[in-house]
Number of protein chains: 2
Amino acid sequence: MALKYSRQRQVIRDYLMSTKEHPTAETVYAHVRKKYPNISLGTVYRNLSLLAELGDIRRLRMGDGVDRFDADTSAHYHVVCTECGGVSDLKMEPINRITELADRNYPGRIEGHITYFYGVCAGCCGKNREKRA
Amino acid sequence: MALKYSRQRQVIRDYLMSTKEHPTAETVYAHVRKKYPNISLGTVYRNLSLLAELGDIRRLRMGDGVDRFDADTSAHYHVVCTECGGVSDLKMEPINRITELADRNYPGRIEGHITYFYGVCAGCCGKNREKRA
DNA sequence: GATAAAAACAGTAATCATTACTGATTTGAG
DNA sequence: CTCAAATCAGTAATGATTACTGTTTTTATC
């Protein structure tokens, strides 16, 4: 067995399981520190990467140069809010048709797709309604 | 008129128009230097960002932390090759249905989607066939 | 429970893409 | 031609992430 148990890794994983916020490494660090005050930021990065490689968590690249992490590894899409910048889940079965469709239009071989949506999240929609009223 | 013509900007734009390679800023810099040896990397970044803001070119964020640029601003998708890392065009009309579909499954408002595909490009497929033979 | 090698850690330095700054040069409207 | 605005070259700064180093934890084996 190569992998060893560590409190730090467990705390990181626990925090990620407890939130739907798709936090960045920095955010994970901030929260985990409350329970484990002298954990290192490097440890957070190392473990998030390790867990992602093992497939225990998902790394989300939303294109803004800051990675986010998600303990929910089931197939689902994400929506980034153009107002608050938050990332929320979109419960929708993966549209494999578009991979097949793409493959028919491509001289090479297409194996999958990465999609994220943008728009305004429920919370920000509500806020806007208040402002207009 | 706020915008002024500059040789540097023109050379950058010309190079981008001449290639289908979706180069990174660094690659643009390397090529543009041949024609304009003492151009600054900062100038390349500044102009690529400016042209992208004006809508003259497109900035492609493929999730690996390195931006690429495309002079073809028409609606089309991109494929990143998992073997050579290259990015190629996929001529396929945008599937707006998935935005609508997503919107029906989301409590907020969804305005668009960003999708890229991954697989093996035509060039690398060919190479593999040779190796197997 | 003791022990020792492997794994992991904390803290810090390094990397890499990108952006910001500064003083000099270029552009274009009048 | 002139001059303010735009742009530049060169360099420093930023910010996310990774790598390094010497110390501490974990766990298989006794």
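Which helices of chain A and chain B each supply at least two residues of the surface near DNA strand C? In this predicted model, they are helix H1 (7-18) and H3 of chain A, together with H3 of chain B.

**Surface near DNA strand C**

- DNA strand C is surrounded by 27 residues, and the closest of these are A:Gln8, A:Thr43, B:Tyr5, B:Gly42 and B:Asp67.
- H3(A) provides the largest share of the surface near DNA strand C, namely 5 residues.
- When the surface near DNA strand C is divided by class, it has 9 nonpolar, 12 polar and 6 charged residues.

**Surface near DNA strand D**

- DNA strand D is likewise surrounded by 27 residues, and here the closest are A:Tyr5, A:Gly42, A:Asp67, B:Gln8 and B:Thr43.
- The elements that give two or more residues to the surface near DNA strand D are helix H3 (41-54) of chain A and, from chain B, helix H1 (7-18) and helix H3 (41-54).
- H3(B) gives the most to the surface near DNA strand D, with 5 residues, and the surface as a whole divides into 9 nonpolar, 12 polar and 6 charged residues.

**Relation between chain A and chain B**

- Chain B is superposed on chain A, with an RMSD of 0.1 Å, by a rotation of 180° that carries 0.0 Å of shift along its axis, and that is the relation of a two-fold axis.
- Within chain B, the C-alpha nearest the axis belongs to B:Thr115, which lies 2.2 Å from it.
- The same surface serves both copies, since 100% of the contact residues of chain B recur in chain A.

**Contact between chain A and chain B**

- The contact takes 31 residues from chain B and 31 residues from chain A.
- On the side of chain B that touches chain A, the elements giving two or more residues are strand S3 (77-81), helix H4 (96-104), strand S5 (109-120) and helix H5 (122-132) of chain B.
- Of these, S5(B) gives the most to the side of chain B that touches chain A, with 12 residues, while by class that side has 19 nonpolar, 8 polar and 4 charged residues.
- Strand S5 (residues 109-120) of chain A and S5(B) run antiparallel and are joined by 11 bridges, and within this pairing A:Ile110 has B:Gly119 in S5(B) as its bridge partner.

**Domains of chain A**

- The domain assignment of chain A gives domain 1 (1-73) and domain 2 (74-133), and the centres of these two domains, taken over C-alpha atoms, are separated by 23 Å.
- In chain A, 7 residues of domain 1 are in contact with 7 residues of domain 2, and the side of domain 1 that touches domain 2 has 2 nonpolar, 2 polar and 3 charged residues.

**A hairpin in chain A**

- Strand S3 (residues 77-81) of chain A runs antiparallel to strand S4 (residues 87-90) of chain A, and 4 bridges join the two.
- A:His78 has A:Asp89 in S4(A) as its bridge partner.
- The hairpin of S3(A) and S4(A) has 5 residues between the strands, and in this hairpin A:Gly85 takes a positive phi near 80°.

Terms used: Residues numbered from 1 in each chain as written. Chains lettered and ligands numbered in written order. Predicted model: local features only at pLDDT ≥ 70, side-chain atom pairs only at ≥ 80, totals over all residues. Domains from an automatic or database assignment. Contact = placed C-beta atoms within 7 Å. Nonpolar A, V, L, I, M, F, W, Y, C, P; charged D, E, K, R; others polar. Least-squares fit on C-alpha atoms with pLDDT ≥ 70 in both. Pairing = 2+ DSSP bridges. Near = placed C-beta within 6 Å.
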